[in-house]
Amino acid sequence: MGLVARHLEANGIPTVTFSCARDITESVLPPRSVFLDYPLGSTCGRPNDHTNQRAVLLAGLRLLETGCTPGEIVDLPFEWSADETWKRLIFSPEQPFLTDEAEARRQAGLDAARQAKRRTKATLPE
């Protein structure tokens, strides 16, 4: 998204990006970005936490208004949880953050992708 933001800015459209991967954001250097130390995919706040989501979005809009340093990254003060256990668990095989329903959807998606790949391979000429 940072590269897209840079292109839009070069064409006169102000942007702000939201990031949960500071190292990537620093390397891509979008014009303006807010950073949350949250799991990937939660760039606009905690799921079902409308107060947190609103605060994150308002911070991004504020940066859009006030940011004047190219490549500026604003660290937001919000915390995902009281401790940092999630950082150790987020990529673990248990996927402790997924509900049973979400895990079932994830598995169904993986199965569908595998089947599509098999069908594609079966139709390719040798």
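Predicted model: local features only at pLDDT ≥ 70, side-chain atom pairs only at ≥ 80, totals over all residues.
Three strands make up an open sheet, arranged in the order β1-β2-β3 with parallel pairing. The edge positions are held by β1 (17-19) and β3 (72-75); each has a single partner strand, so one side of each lacks a neighbour in the sheet. From one strand to the next, the twist averages 25°. Pairing within a sheet, whether parallel or antiparallel, takes place through backbone hydrogen bonds. Between β1 and β2 (residues 32-35), the parallel pairing extends over 3 bridges. Within this pairing, F18 lies opposite V34 of β2, and the bridge partner of S19 in β2 is F35.

Strand β2 is covered on both of its faces. R32 and V34 are buried on one side, and S33 and F35 are buried on the other. Helix α3 lies across β1, β2 and β3, and runs at about 155° to β2.

In strand β1, attention falls on T17. This residue has a relative accessible area of 11% and is therefore buried, the cut-off being under 20%. The side chain of T17 is joined to that of S33 by a polar contact of 2.9 Å. Leaving aside residues up to four places away in sequence, T17 touches M1, G2, A5, P30, R32, S33 and V34.

The largest nonpolar core comprises 12 residues, namely V16, C20, V34, L36, Y38, V56, A59, L63, L76, W80, W86 and I90. The greatest contribution to this core comes from helix α3 (residues 50-66), which supplies 3 residues. A59, a member of the core, touches V34 and L76 when residues up to four places away in sequence are not counted. In soluble globular proteins, nonpolar side chains tend to be buried together.

The structure contains 0 disulfides. For C44, the closest cysteine sulfur is that of C20, at 8.5 Å, which is too far for a bond because a disulfide requires sulfur atoms within 2.5 Å. C68 counts as exposed, at 69% relative accessibility.

Most residues other than glycine have a negative phi. L29, which is not a glycine, has a positive phi near 55°. L29 is placed in the loop between α2 (22-28) and β2, and its relative accessibility of 47% makes it partly exposed. N48, likewise not a glycine, has a positive phi of about 65°. This residue is located in the loop between β2 and α3. With a relative accessible area of 70%, N48 is exposed.

Notes:
Residues numbered from 1 in each chain as written. Heavy atoms only, no water. Core = buried A, V, L, I, M, F, W, Y, C linked by side-chain atoms within 4.5 Å. Buried < 20%, exposed > 50% of the residue type's maximum accessible area, 1.4 Å probe, protein only. Helix = DSSP H or I, 4+ residues; strand = E, 2+ residues; numbered from the N terminus. Contact = heavy atoms within 4.5 Å. Pairing = 2+ DSSP bridges. Axes fitted to C-alpha atoms, helices over the stretch in contact; angles between N-to-C directions. Polar contact = N/O pair within 3.5 Å; in protein donor to acceptor, adjacent residues only side chain to side chain.
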